Amino acid sequence: MPAQTRLFLCLKDNFGVLLHDPGSGATAAIDAPEAAPVEAALKATGWRLTDILVTHHHHDHTGGIEELKERHGCRVVAPDAEADGIPEVDETVSENDTVKVGGLEGRVIETPGHTAGHISYFFPADKLAFVGDTLFSIGCGRVIEGTPPMMWQSLLKLRELPDDTRVYCGHEYTRANIRFARTIEPLNTRLAAREKEVERLLAEGKPTIPSLMRDEKAANPFLRADVPEVAKSLGLAGQPAAQVFAEIRARKNNF
Ligand SMILES: [Zn+2]
C-alpha cells in the first residue's frame with residue numbers, strides 16, 4: 001500500500017509532515033518543530049506516532065521531540081554526526097543507511113552544508129524525499145556550518161533523485177525564493193510557470209509543497225549552477241559550478 005502523508009505548518013513558517021504506512025499503522029514525524037501541531041495532525045488523522053526522523057539539529061526542527069517522545073514513546077532517529085545536539089536520540093544513521101517506518105523503507109542521504117551533519121530521507125517506493133533545510137522549493141538553505149562547494153555537492157545528490165520525486169522541505173519560503181530566482185533567470189519559462197502555480201496555491205491558502213524534483217531541476221537556480229546560461233548571466237561563464245553556486249548563494253544572502 002502506498003505511503004500517506006499529512007503536511008501542516010509549525011512555528012512561523014516551518015513545515016511539519018507525517019509519513020504513514022497504512023499496512024502496519026506506523027507513522028513518522030519528519031522533524032518535530034513543536035509538539036502541538038504534530039499532536040493536532042495525529043488527532044485529525046487518527047494515526048499513532050511511532051517514529052521521529054530528524055534531518056538536523058536546529059531547534060526549529062527538534063523543539064517538539066522531548067514532549068512527543070514522552071507522550072508516545074516513539075523512536076527518535078537522527079544523523080550520527082549531530083546526535084549530541086539532538087534530544088532523546090535512539091538510533092543514529094549515516095549515508096545509505098536504511099530507515100524503516102513500519103513497512104516503508106527509506107534511505108539516508110547525507111546532505112551537509114546548512115549544518116555539518118544534515119541528512120535527507122528518500123523513500124524510493126513512494127518517491128518521497130524529505131530534505132529538511134538543504135533544498136527548498138526554488139531555493140536552498142543558508143550555508144551555515146559547511147562551505148558552498150559542500151552544499152553544491154549535497155544538492156547534486158538530491159538532483160539525482162527521480163524527476164517525479166515529491167520533495168518535502170522544512171520551510172514555506174517559496175514565494176520569496178521565486179522573487180530572487182527571477183533576478184538570476186528572468187527568461188526561464190518554467191520558473192514563470194512555477195510562480196503562477198505558487199501564487200494560485202497561496203491565494204487558496206494552501207502550502208506550495210511538495211514540489212516535484214522535475215520542476216526544481218528546471219526552475220531552482222541553486223540546482224542550475226552548472227547550466228552555462230546561468231553562469232553567463234552572473235558574469236561567470238566557464239567557471240566551476242561550485243563557484244557559480246557560491247555566487248548565487250551570496251546574492252541571495254544579500255537579497
Ligand atoms: Zn535549519
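Helices and strands here are DSSP runs, numbered from the N terminus: a helix (H or I) has at least four residues and a strand (E) at least two. With that naming, β2 (14–20), β10 (128–132) and β13 (166–169) each supply at least two residues to the lining of the largest cavity. The model is predicted.

**The cavity**

- The structure holds one cavity of 30 Å³ or more.
- The space in the largest cavity comes to about 90 Å³.
- The lining of this cavity consists of Phe15, Val17, Ile30, Asp31, Thr55, His61, Phe130, Val131, Gly132, Tyr168, Cys169 and Gly170.
- Strand β10 gives the most to this lining, with three residues.
- By type, the lining residues of the largest cavity are seven nonpolar, four polar and one charged.

**The zinc site**

- Four residues coordinate the zinc ion: His56 through NE2, His58 through ND1, His114 through NE2 and Asp133 through OD, at 2.2 to 2.3 Å.
- Along the chain, the donors of the zinc ion follow the spacing H-x1-H-x55-H-x18-D.
- His56 lies in the loop between β4 (51–53) and α2 (59–62), and Asp133 lies in the loop between β10 and β11 (135–136), so this pair ties together parts that are 77 residues apart in sequence.
- The angles among the four donor atoms run from 88 to 170 degrees, and the site of the zinc ion is irregular.
- Why is the site not called tetrahedral? That label needs all angles to lie between 85 and 135 degrees, and the angles here reach 170 degrees.
- His56 has 0% relative accessibility, so this residue counts as buried, the cut-off being under 20%.
- Asp133 also counts as buried, because its relative accessibility is 3%.

**The largest pocket**

- The largest pocket has a volume of about 250 Å³.
- Its lining has 15 residues, and those nearest the centre of the pocket are Cys140, Arg142, Tyr173, Arg249 and Lys252.
- Helices α5 and α9 (241–253) each supply at least two residues of the lining of the largest pocket.
- Which element gives the most to the lining of the largest pocket? That element is α9, with three residues.
- The lining of the largest pocket divides into six nonpolar, five polar and four charged residues.

**Backbone features**

- Most residues other than glycine have a negative phi, and most peptide bonds are trans.
- Asp31 has a phi near 60 degrees, a positive value in a residue other than glycine.
- Asp31 is found in the loop between β3 (27–30) and α1 (35–45), and is one of the residues that line the largest cavity.
- With 4% relative accessibility, Asp31 counts as buried.
- Ile138 is not a glycine either, yet its phi is positive, at about 65 degrees.
- The loop between β11 and β12 holds Ile138, and this residue is buried, with a relative accessible area of 0%.
- Is the peptide bond from Ile209 to Pro210 cis or trans? The bond is cis, with omega near 5 degrees.
- Pro210 lies in the loop between α6 and β14 (211–212).

**Other single residues**

- Glu185 is found in the loop between α5 (174–184) and α6 (189–203).
- The relative accessible area of Glu185 is 12%, so the residue is buried.
- The side chains of Glu185 and Asn188 are joined by a polar contact of 3.1 Å.
- Phe8 has its place in strand β1 (residues 4–10) and is buried, with a relative accessible area of 13%.
- Phe8 and Asp133 are 125 residues apart along the chain, and their C-alpha atoms are separated by 16 Å.
- Ile144 is found in the loop between β12 (139–140) and α4 (148–159).
- Is Ile144 buried or partly exposed? Ile144 counts as partly exposed, at 49% relative accessibility.
- Ile144 and Asp126 are 18 residues apart along the chain, with their C-alpha atoms separated by 31 Å.

Terms used: Residues are numbered from 1 along each chain as its sequence is written. This is a predicted model: local features need pLDDT of at least 70, side-chain atom pairs count only at pLDDT 80 or more; totals for chains, interfaces and linings use all residues. Side-chain values use heavy atoms; hydrogens and water are left out. On a 1 Å grid over the protein atoms alone, a cavity is a set of points where a 1.4 Å probe fits but cannot get out, and a pocket is an open set with protein on both sides within 12 Å along at least five of seven lines; lining residues have an atom within 4 Å of a point. Grid points are joined across faces, edges and corners, and a volume is the space filled by probe spheres set on the points. Ala, Val, Leu, Ile, Met, Phe, Trp, Tyr, Cys and Pro count as nonpolar, Asp, Glu, Lys and Arg as charged, and the others, Gly among them, as polar. Donors are N, O and S atoms within 2.8 Å of the metal (3.2 Å for Na, K and Ca); water is not among the atoms, so sites may look incomplete. Four donors count as tetrahedral if all angles lie between 85 and 135 degrees; four count as square planar and six as octahedral if opposite donors are over 155 degrees apart and all others between 65 and 115; anything else is irregular. Buried means under 20% relative accessible area, exposed over 50%, partly exposed in between (1.4 Å probe, protein chains only). A polar contact is a pair of N or O atoms within 3.5 Å; within protein, one must be able to donate a hydrogen and the other to accept it, and residues adjacent in sequence count only if both atoms are side-chain atoms.
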